[in-house]
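Please consult the sequence and the model displayed here.

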Amino acid sequence: MDPGELDRILRELLLPDTERIRRATEQLRAALQNPSAVPALCELMAHAPDPQIRQFSALLIRRRLNTRWRRLVATHRESLKSLVLSALQNETEWDYFS
């Protein structure tokens, strides 16, 4: 899955248009069925220029892996841990009170 396509879908979800949100929600559900969606979300979490997209990507990763974490191969778990820590260290937006 192309991170650019996921970025487009996530941006649609942030718009104040109910119909576009409904369509984007359907597209996101379909996209998340693809096994390559989690790596694409990881790419967005680490490198998207928009902090809302980075945060949304992190949330979706957490939701996708919440029940699947133990089934991941140990090397994938370690890779994801490393990526998340790196993304946190590089994060520039720390607005806790908005």
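Q: Does Ala-40 count as buried or exposed, and at what relative accessibility?
A: This is a predicted model, in which local features need pLDDT of at least 70, side-chain atom pairs count only at pLDDT 80 or more, and totals for chains, interfaces and linings use all residues. Residues are numbered from 1 along each chain as its sequence is written, and side-chain values use heavy atoms, with hydrogens and water left out. Buried means under 20% relative accessible area, exposed over 50%, and partly exposed in between, with a 1.4 Å probe and protein chains only. Ala-40 therefore counts as buried, at a relative accessibility of 3%.

Q: In which helix is Ala-40 placed?
A: Helices are DSSP runs of H or I with at least four residues, numbered from the N terminus. By that assignment, the place of Ala-40 is in helix H3.

Q: Which residues are in contact with Ala-40, leaving aside its neighbours within four places in sequence?
A: Contact means heavy atoms within 4.5 Å. Ala-40 and Met-1 are 39 residues apart in sequence, yet their C-alpha atoms are 6.3 Å apart in space. With neighbours within four places left aside, the contacts of Ala-40 are Met-1, Pro-3 and Leu-6.

Q: What length does H2 reach from its first C-alpha to its last?
A: Helix H2 covers residues 18–31, which gives 14 residues. The expected span of a helix is 1.5 Å times one less than its number of residues. For H2 the expected value is 20 Å, and the helix is close to it, reaching 20 Å.

Q: Why do the buried residues of H2 lie on the same side, and what arc do they cover?
A: The buried residues in question are Ala-24, Leu-28 and Ala-31. An α-helix has 3.6 residues a turn, so residues three or four places apart point the same way.

Q: Which helices do the buried residues of H2 pack against?
A: The face of H2 turned away from its buried side carries the exposed residues Thr-18, Arg-29 and Ala-30. The buried residues of H2, in turn, pack against helices H1 (3–13), H3 (37–47) and H4 (51–65).

Q: At roughly what angle do the axes of H1 and H2 cross?
A: Axes are lines fitted to C-alpha atoms, for helices over the stretch in contact, and angles run from 0 to 180 degrees between N-to-C directions. The axes of H1 and H2 come within 8 Å, and their crossing angle is roughly 145°.

Q: What separates the C-alpha atoms of His-47 and Ala-87 in space?
A: His-47 lies in helix H3 and counts as exposed, at 55% relative accessibility. His-47 and Ala-87 are 40 residues apart in sequence, and their C-alpha separation is 8.1 Å.

Notes:
Helix = DSSP H or I, 4+ residues; strand = E, 2+ residues; numbered from the N terminus.
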